[in-house]
Structures are given as structure tokens and as C-alpha cells.
Amino acid sequence: MYKLKTWNPEDPIFWEQEGKKIANRNLWISVPALLISFCIWMLWSVVAVNLNSAGFSFSAEQLFNLAALPGLSGATLRIFYAFVVPVFGGRNWTVISTASLLIPAIGIGYAVQDTTTSYTTMVILAVLCGLGGGNFASSMGNINFFFPKKQKGTALGINGGLGNVGVSVVQFVAPLVITCGIFGSMGGEPQIIMNGGVGKSIWLQNAAFIWIIPIVLITVAAFFGMNNLETAKASVREQFTIFKCKHMWVMSFIYTIAFGSFIGYSAVFPLLIKFQFSGINPLQYAFLGPLVGALSRPIGGWAADKYGGARVSFWSIFVMIGATLGVIFFMNHHNFIAFFIMALILFVTSGAASGSTFGMLSKIFNPKEAAPAIGFISAVAAYGAFFVPKAFGWSTQATGSPSMALYGFIAFYIISLFVIYHYYNRRDAEIKC
């Protein structure tokens, strides 16, 4: 039965006898659905690096734009996706939103095979990858309904953290699958790239086609295995009450610092390595940053439940400041190993802060408010996937180095420490969480 008319996870008896099993089943179908969404959302972080090698002739600015545009469209779609679960149902929307990922996966697979494909077409396909980014808002809002308050931070950390692994998965899998014609004649002809005067075949279209079968399988799993909650039903007008709450805007800023950094750095990391460290293959290393960041998110959510989200968020962002300074120093001194270590620390702490801030949300908002608040706050933060690459592009064009953009990010990190302390972490804070 897909529709559940009663749901009370705060009742210990109901939770142990019935609720836990159903909630966990929905969570573990939601995780791969969200993971594949992130794969499609961040697909251009890999494709953009290889386009010119495959015969295209786009400028560096155009390549940065293609990496940034999915962030812009994905963040904007999150604003709408934030309110759809109480209207359409979590199961129904997971099926629809997961199936929609087939559009950019198939479109990009065909577009990259033709070097006469216009930049405008590539832009449209980059925008369509935002369908994957939008799914985060509805997925997190949906899972929030299923779990009791004392476990929300952990559940949301698992859903968001393992979903975020999709960024690393696409940056690890795509470079492997483009090296061989795994789909035979159905997958199209290879492109020839020159390396030291020697031609090499690649199948760039595989970077997109490889996700088609998983998308179909996950869509089917969501259709048969997930549930709609009648208790989560609410009109859009009822959900709009969150905009009157001051803390929604405060938390939007804090979460943008955390997740906006994580997703923005994920989108730009391969290009940053490519342009700053000649001779280094960015796709051999870039996937590790999003991987450690995604895996640290569930830890941040668990720590928020155990020690307090504000405390964990505060110290995570504090370390982010030091790591960013380290990235700037070693990047300017062309020390790739030290730069890479500092970057990994930055990814770990931004991932942990993302998990801990979501743990704070479940304490600040009641269950009915939390779902749309989580969705909208995640929408605001997702603009980091657009503005971070754009900031790097602007800084590089204006000064010849991305350092200026990183100094700007540090300024925002420092401001966020004062905001967290004032509203949530000091002894007489408005909401101690």
C-alpha cells in the first residue's frame, strides 16, 4: 500500500513495531535516487574538462560557464521542489523527478558526439542537468517526515551525505567509461584525441549514457517501494508560512556557507587543478574531494544529534577558514600535494558542516515547517554551485589567479561564525541547538 494514512514516529511503540521498517525502506531507496541525481547535476564538471580534447573549441570562460550553469538551474528548481512533497506525495515525486533525469543523460550523450553542436545547445543541456540538483530539496524534505526528531539529523545526514557521493561517483566513473566502447555500435563512434602526436580513441558520450539504466532501475524501485504520507499533506499556501520566520533566513545563510562551499568547490575542482597545475590529470584526483566531503556529512549529522548542531557547525567552519588559507598558500607556491591535502580538509569540514546545519533545522522548525524550510534553505545554498565557479572564473580573468575569490569566501566564513554564535551557540541564544 503506497499511501499511509497514519504516521507518528514520535510514538515509541509505533516506531519500533512498524514505523522504523517503513522509514528505513524509504530512506534506502531515496539514497540511490539522490545519488544518481547528483551524478547528473555534476556531470558537466567532467564533460567540460574533456570537450576541447574531443574536438570542440570552447574558451576557458565558456567551459567554466558550462560547469556553473547546472548549479544555477538546480538551485532555482529547488525553490519549487521545496514545496512539492506535501502536495504530490514523496513517492510520487521521487518517481517523476528521477525519471526526468533521462532527458539530460540522453541529450548530452548525443550532443558530444557531434563537434558542430553549438555552444547554445550545450548551455541548454547544462541547464537541464539542474533537474538533478532540484531533487535534493524534495528528497530531504520527504525523508524528514519519516523519522522521529531525535534521529532526523542522522537520517538527513545519511540521505544527503550518501546522495552527495554522486558528485564523486560521476567524477570517478565517467573518466573510466569514456576510455572504451562499452555500448558497442549502439553507443556511437569514438572521438580521436591527440596526445604527444599519438591518436587515442575516447567515447565521451559514455559519460552520459552510463546513467540511463541506473535511472530506470531506481525509478522502478521508487514506484514499488516508497510511500506517500497523508500526514505530510499541506497546500503551498500553508507551507509559505515559513517565510515569516527569521530563522529560515539565518539558516539559509549558514547552510550556504557549508553546502554552498561543498557543491561549488565540487563543480570547479577539476577545472581548478587543470588550470593551476599543468601536467596534473585533474580527473585522477578531483573525485576524492567530493567523496570525503560527502562521507563526512552523515558524521556531521550524527554529531549534531549527539553534541549540538551549532557547536559542530561553528568548529567545522572555523577549520574551513584555516584550510582555505592553506589552499591559497600552497596553490600560489605550486605545491600540488600540500594544496590537495588542504583541499581535502576543506571538503571534509564543509561536508560535516552541511550535515550539522541540517541537524539544527530539525530542532528549530516543527515537522510541518521543517520540510519546506529544508527545501528552500537547500535551494538558496545550491546557488553556490553557480556562484563559486563564476567567482573563480572572474578572479582568474581579473587577476590571473583564483586567490581573490577564496579570500572573499573566507570573509563570509568569518561572518557566519558570529551569526552561529549569536543565534544558536551562546549561553542565552534565541534557540540553543
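The protein chain exposes about 16900 Å², and carbon and sulfur atoms supply 67% of this area. Accessible areas come from the Shrake-Rupley method with a 1.4 Å probe, and for residues only the protein chains shown count as cover. This is a predicted model, in which local features need pLDDT of at least 70 and side-chain atom pairs count only at pLDDT 80 or more, while totals for chains, interfaces and linings use all residues. Residues are numbered from 1 along each chain as its sequence is written, and side-chain values use heavy atoms, with hydrogens and water left out.

The secondary structure comes to 19 helices and four strands; these are DSSP runs numbered from the N terminus, with helices (H or I) of at least four residues and strands (E) of at least two. The radius of gyration is close to the value from the globule rule, so the protein chain is as compact as a globular protein of 433 residues. The radius is taken over C-alpha atoms, and the rule is 2.2 Å times the number of residues to the power 0.38.

| Property of the protein chain | Value |
|---|---|
| Radius of gyration | 21 Å |
| Box of the C-alpha atoms, along the principal axes | roughly 70 × 50 × 35 Å |

Of the 433 residues, 60% count as buried, meaning under 20% relative accessible area (1.4 Å probe, protein chains only). S350 is in helix α16, residues 336–364, and is buried with a relative accessible area of 0%. Leaving aside residues up to four places away in sequence, S350 touches A258, S261, F262 and M320, where contact means heavy atoms within 4.5 Å.

Methods: Buried < 20%, exposed > 50% of the residue type's maximum accessible area, 1.4 Å probe, protein only.
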